[in-house]
Amino acid sequence: MRIFAIVVLGLVTAACGFQLRGQARLPFETLHVALPDISPLGIELKRNITAGTHTRLVPDPAAAQATLTVVSEERAKTILSLDAAGRVREFKLRYVLGFRVHDAKGRDYLPQNEIRLTRDISFADTQVLAKESEELLLFRDMQSDMVQQILRRLAAAPAVPIAFEATAKDAATR
């Protein structure tokens, strides 16, 4: 009976389209990530690219087929709501990242993109340390989500730079 249940569970799982994430297919053989080695975002992004794709990371942008450049990165915390006494009840955490992917000649694979993530967090004066820890965890979770979104956008990038594609199409129509 147990074996039958395992087989049925396996068939149901396979029939629903479930599939492990597996490795992402990036259209670049080599990639340079222009982030400092001490950047938490850079460390996580490089680790995910190395472990989850066939793309090789190179330290020299001239030797890379594509370069990922972070244009802007902003983490912010704003007041979302106040109670009747004027004390903060909720904060909104915001993480905004602007980046572009280009080749050594400056032609874009992905023009400047911006990813915006927000999370709401409640606040209590009696739990300041716990809420600070929760805020750090939420920012870390937002960073992991940011890395996954960057990888999805990299996987959807064209195999040739956009400027090159437009020039080739224009030349073909003449």
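Is Val 12 buried or exposed? Val 12 counts as exposed, because its relative accessibility is 51%. The labels have cut-offs: buried means under 20% relative accessible area, exposed means over 50%, and partly exposed lies in between (1.4 Å probe, protein chains only).

This is a predicted model, in which local features need pLDDT of at least 70 and side-chain atom pairs count only at pLDDT 80 or more, while totals for chains, interfaces and linings use all residues. Residues are numbered from 1 along each chain as its sequence is written, and side-chain values use heavy atoms, with hydrogens and water left out.

**Overall build**

The protein chain has four helices and five strands. Both are DSSP runs numbered from the N terminus: helices are H or I with at least four residues, strands are E with at least two. Along the sequence the pattern reads α-β-α-β-β-β-β-α-α. Of the 174 residues, 33% count as buried. The accessible surface of the chain comes to about 11,100 Å². Carbon and sulfur atoms account for 58% of that surface. Such areas come from the Shrake-Rupley method with a 1.4 Å probe; for residues, only the protein chains shown count as cover.

Contacts are counted when heavy atoms lie within 4.5 Å. Take the contacts with a separation of 6 or more: 67% of them join residues 24 or more positions apart.

**Confidence**

How confident is the predictor, and where is confidence lowest? The score is pLDDT, the predictor's confidence in each residue, from 0 to 100. Confidence is lowest in helix H4 (residues 162-173), at a mean of 51. Strand S4 (residues 88-102) has the highest, at 95. Over residues 166-174 the pLDDT is below 50. That stretch has zero contacts in the model beyond near neighbours in sequence. Where pLDDT is low, the predicted coordinates should not be read in detail. For the chain, the mean pLDDT is 86, and 87% of the residues reach 70 or more.

Together with Met 1, Phe 4 and Val 8, Val 12 makes a nonpolar surface patch of about 470 Å². Patches are made of residues with over 30% relative accessible area and no salt bridge; like charges are joined within 9 Å, and nonpolar side chains (Val, Leu, Ile, Met, Phe, Trp, Tyr) within 5 Å.

**Salt bridges**

How many salt bridges does a search of the whole structure find? The search finds 13. A salt bridge is a side-chain nitrogen of Lys or Arg within 4 Å of a carboxyl oxygen of Asp or Glu. Three of them are listed here.

| Salt bridge | N to O distance |
|---|---|
| Lys 46 and Asp 37 | 3.1 Å |
| Arg 87 and Asp 83 | 3.4 Å |
| Asp 145 and Arg 119 | 3.5 Å |

Asp 145 lies in helix H3 (residues 128-155) and Arg 119 in strand S5 (residues 108-122), so this pair ties together parts that are 26 residues apart in sequence. Asp 145 is partly exposed, at 24% relative accessibility. Arg 119 is partly exposed too, at 22%. Shared partners join Asp 83, Arg 87 and Asp 125 into one salt-bridge network. Arg 87 counts as partly exposed because its relative accessibility is 45%.

Asp 37 sits in the loop between S1 and helix H2 (40-52). Asp 37 is exposed, with a relative accessible area of 63%. Leaving aside residues up to four places away in sequence, Asp 37 touches Ile 43 and Lys 46.

**Two strand residues**

Thr 30 lies in strand S1 (residues 30-34). Thr 30 is buried, because its relative accessible area is 10%. Its side chain reaches the backbone nitrogen of Gln 65 at 2.8 Å. Residues that Thr 30 touches, not counting those up to four places away in sequence, include Thr 55, Arg 56, Val 58 and Gln 65.

Gln 112 is found in strand S5. Gln 112 counts as exposed, at 53% relative accessibility. Not counting residues up to four places away in sequence, Gln 112 touches Val 71, Phe 99 and Arg 100. Gln 112 and Val 71 are 41 residues apart along the chain, and their C-alpha atoms are separated by 7.9 Å.

Conventions: Polar contact = N/O pair within 3.5 Å; in protein donor to acceptor, adjacent residues only side chain to side chain.
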